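Thanks for coming, everyone. I'd like to walk you through one model today, so let's bring it up on the screen.

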Amino acid sequence: MKKNNFETNSTFSPTTNLPDVRFLELIESLSKVAVQGYNRHREVIYWNKASTFLYGYTQTEALGKKLEDLIIPPSMKKDVIAAHKNWLEHNIPIPSSELTLQDIKGQPVPVFSSHVLLKTRGDEFEMFCLDIDISEQVSVRKALEKMVSYDPITNCLNRHSIELVINELITSNIKGFSLLFIDIDRFKDVNDVFGYEAGDELLLKVSERLSTPLEKTDYIARFSADEFIVILSSKPSSNHEKLTQLLVDSFNSPLKLHDQLIFISISVGICRFPNDGNSVRTLLQCAETAMYDAKENGRSQFRIYNKAMSDSSHFQIEISQRLRESLIHEEFHLVYQPIYCAQSEKIVACEALLRWDSNANKNNTTPDTFIPIAEKVGLMIPIGNLIFHMALKELKKWRSNGINDVRMLINISGKQLLQKEFFSQLSELLEIYELIPSDIGLELTEHALIEADGELLKNLSLLQVQGVDIAIDDFGTGYSSLSYLNKLPVNTLKIDKSFVDYAPYRNNDSAIFEAIVGVAHKLDLLVIAEGVETTQHVEYCKSKNVDMLQGYSYSKPLSSQDLESFLLPFKS
């Protein structure tokens, strides 16, 4: 803030029309108030030292000059002249107010300005302006407004501000604007690897890259942790998709972070006003739904909202809520599908398969539908723990009944494997249910094994050494690569049903099937064929030396009670 300190209080020089002496004495005493006097032609007749300090003009430079040629910005000149004229001719006073005037260099000067009109002895009028420097107050106010309105890390608008902008655009009926909901893919990985300071730096760099192609009438905001909102209103809506693709493609080049080049990507959802909604909440929900659709379809892309996305989203929300409730009440059970040795036709294992109790599963939702939803919303870990308890409890009952040579195969999600306590908890459970590692097998997806780090592979290898059977489930539906099999701690390969279906009838399918079996055996892996449903499937798989068979040709998944009759012949 400029300090108005003066050795004397006045640089007043007598003119033909002097103000009242008492008024003069008053304004002379205001050492920190810039006071100027103007005649009826708005020419300066009084200019104190505070005015010189505030505006930069000396008394000599100011006297005789017109008000509008000194401290009035060009945009205000007409209004100031008109207001002065109305006061002189129609007795309409100029109200006190905050104004932004200008100094000798044309720089803005925020002041609180009051005006006094005096009549002199010669029936002339003189106007005196009393200006108080409020630059410090304005600076503080702007800082507070910025704190309230802007994100401190990226300097973009914050969530509150962008919602106000969207509401204003809706109220003004600005048709055709697009709302982009942007999420940084795998942002958590950056925080985990480089730390939160690096994460903040990344957010700033992302905001700068997103802002580059935007027009002045567009808006950008940091909406939450790693999410941004962009409003496109400057271009025709037909160009908004091109600009969105440009934003996505801009992250094909790396960002420099802590002297390292890193690659990231963004997923974007788009909705439009008024087509997709006429409220802030609805538009944000639609764009977010489209963004999640982009993520589910591979990330690093954008999706345009359509109603089918919301129907799917609402369904997922409903299912996830019911799953949470069913977890509390343990409204799940297991069924068991026998796995037969191809040569001896004896049951060597049973796969535990999750089912949702019918009284809780009102839509009769199948595992193929509700398990991916459980994975998505983070419920697979508690559900997986429940599966372990139910499966091992059943297996203990088998052992108590003298069924000792049938292994229990349990499906494990990738997220379960990533839990640090998974392996210690598995050991504890085996001890609780009086079982040994060779009693069980773990079925893992290709994806989980391929993305496993060294520590995870080491722990799986230890389980394998202890006797746990490690199987790759649904082989052929993931990476479908045979080259990595010798690098992983795997005992068994389960060929997906889709490879079995037409292998007996189509040469191409048969060739792929034979190749998988041949390579697996070369690597000393056992092979289980899933989806064996016909006599032709059985004969074909046996002819190709498949080790184990699983499917409706032998048995559908059975309840615990129904399974007992199947297992009785296998008592030791």
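**A walk through the model**

Let's start with methionine 380: leaving aside its neighbours within four places in sequence, it is in contact with Ile371, Ala374, Glu375, Ile387, Ser413 and Gln416, where contact means heavy atoms within 4.5 Å. Before I go on, a word on the ground rules. This is a predicted model, in which local features need pLDDT of at least 70, side-chain atom pairs count only at pLDDT 80 or more, and totals for chains, interfaces and linings use all residues. Residues are numbered from 1 along each chain as its sequence is written, and side-chain values use heavy atoms, with hydrogens and water left out.

Back to methionine 380, which sits in helix α13 (residues 380-400). Helices (H or I, at least four residues) and strands (E, at least two) are DSSP runs, numbered from the N terminus. Methionine 380 counts as buried because its relative accessibility is 7%; buried means under 20% relative accessible area, exposed over 50%, and partly exposed in between, with a 1.4 Å probe and protein chains only. From methionine 380 to glutamine 416 the C-alpha separation is 7.5 Å, although they are 36 residues apart along the chain.

Now to the strands. β1 (residues 34-38) and β2 (residues 44-47) run antiparallel, joined by 3 bridges; two strands pair if DSSP finds at least two bridges between them. Within that pairing, glycine 37 has tyrosine 46 of β2 as its bridge partner. The hairpin has 5 residues between the strands, and there arginine 42 takes a positive phi near 65 degrees.

β1 also runs antiparallel to β5, with 5 bridges, and valine 35 stands opposite leucine 130 there. β5 has another antiparallel partner in β4 (residues 108-119), joined by 9 bridges, where leucine 117 stands opposite methionine 127. How much of β5 (residues 125-133) is covered? Mostly covered is the answer: 7 of its 9 residues are buried.

Next, please look at helix α7 (residues 187-194), where Phe187, Val190 and Asn191 are buried. Seen down the axis of α7, these buried residues fall within an arc of 95 degrees, so they line one face of the helix; the arc is that of the directions from the helix axis to the C-beta atoms. An α-helix has 3.6 residues a turn, so residues three or four places apart point the same way. What do the buried residues of α7 pack against? Their partners are β6 (178-184), α8 (196-211), β9 (255-257) and β10 (260-262). On the face turned away from the buried side, α7 carries the exposed residues Lys188 and Val193. Glycine 195 follows α7, with a positive phi near 100 degrees.

On to the charges. The structure holds 23 salt bridges, each being a side-chain nitrogen of Lys or Arg within 4 Å of a carboxyl oxygen of Asp or Glu. One of them joins the side chains of arginine 222 and aspartate 151, at 3.1 Å, N to O. Arginine 222 lies in strand β7 (residues 219-224) and aspartate 151 in the loop between α5 and α6 (159-171), so this pair ties together parts that are 71 residues apart in sequence. Arginine 222 is buried at a relative accessible area of 15%, and aspartate 151 is buried at 8%.

Compare that with arginine 159 and glutamate 163, whose side chains meet at 3.4 Å, N to O. Both lie in helix α6, 4 residues apart, about one turn of the helix. Here arginine 159 is partly exposed, with a relative accessible area of 43%, and glutamate 163 is partly exposed at 26%.

Last stop: the barrel. 8 strands close into it in the order β13-β14-β15-β16-β17-β18-β19-β20, with mixed pairing. β16 and β17 (residues 469-475) pair in the parallel sense over 5 bridges, and glutamate 443 stands opposite alanine 471 in β17.

Glutamate 530 and lysine 494 are both buried.

That's my tour, and I'm happy to go back to any part of it.
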